[in-house]
Amino acid sequence: MTTMFPTMAWIGLLAWGLATAGCKPDDSPFKAENDALRKQVTKQESLLSSLQDGNKVMQQQIDLLNQELRDAKKATGSAKAEMGQLTDQLTAQLAQAKRANAEAVKTAAAQAAQQLRIEEKGAQVEALPRPLAAVAKVVEETLARHGYPVKVSFKSDQKAVYVTERKMSNPASLEASGSRNQYLITLQTLPANLTKLSVKTEFEKVTRDGRILPVSAEEVAEVERGLIREISKVLEQPSKT
């Protein structure tokens, strides 16, 4: 009896161990793989969420840029329209200014010509054997060479008028030093290809302290003849024929 009991006990313990082992299989490899998959899914969900948030921000920036572009195009269109209006206004003003200037020049020339006809008495006159266009060119060159800017001028096929600025002659040129002078010159076409040159001057002598000295009619006439001689001398050159 005593020998048989221990043997039966060991047999029972072995059977219980086998039964226990058969009822609880080892699932630890599947559990680890599932945990790894869960972690990957969690990371993918987090990344997807970040990408979605980034896409929202980027879309907002794109919408903002598109709005700014539309506003810029609208502003550019308004600026172009305004520029076009300003350009049209400026063109109209320039055209009006040109017309006004042309009218002013014509009026001044007409007034000068009228004044010249009144004051032509006593002027020095000479008929030059050259056409009016050639004489007019030499007159302009001579006045410029001696420092007389033309204040008013008028030219046509039959007549030309020049009124110079009043000039103080410090160094001797056409006149003596210390004189003040202004020329009134007319050219008129004559038959046989001649040109009538008329020179009228307002000649004054001025002292250093600004006093105006009297001048004789002969002195004035000599100044007028001096300009005629200068013009004739140039016309006599072969290149001016």
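Me: Which residues are linked with E218 in a network of salt bridges?
Reply: Happy to start there, keeping in mind that this is a predicted model. Side chains of opposite charge can pair when their charged atoms come close. Here the network of salt bridges joins E218 with E222, R225 and R229.

Me: How many residues apart in sequence are the parts that E204 and R166 tie together?
Reply: These two form a salt bridge, with their closest N and O atoms 3.9 Å apart. E204 sits in strand β8, while R166 belongs to the loop between β3 and β4, so their pairing ties together parts separated in sequence by 38 residues.

Me: Is E230 buried or exposed?
Reply: E230 makes a salt bridge with K233, at 3.6 Å between the closest N and O atoms. Both lie in helix α4, three residues apart, or about one turn of the helix. K233 is partly exposed at 49% relative accessibility. Buried means under 20% relative accessible area, and E230 has 19%, so E230 is buried.

Me: Which helix does K205 reach through its salt bridge with E219?
Reply: The two side chains meet at 2.6 Å, N to O. K205 is in strand β8, and its partner lies 14 residues away, which makes this a link between distant parts of the chain; E219 is in helix α4.

Me: Which element gives the most to the largest nonpolar core?
Reply: Good one to finish on! That core has 23 residues, and L197 and I231 are among those with the most contacts inside it. Elements giving two or more residues include α3, β6 and β7. With seven residues, the element that gives the most is α4.

Technical notes: Residues numbered from 1 in each chain as written. Predicted model: local features only at pLDDT ≥ 70, side-chain atom pairs only at ≥ 80, totals over all residues. Heavy atoms only, no water. Core = buried A, V, L, I, M, F, W, Y, C linked by side-chain atoms within 4.5 Å. Buried < 20%, exposed > 50% of the residue type's maximum accessible area, 1.4 Å probe, protein only. Helix = DSSP H or I, 4+ residues; strand = E, 2+ residues; numbered from the N terminus. Salt bridge = Lys/Arg side-chain N within 4 Å of Asp/Glu carboxyl O.
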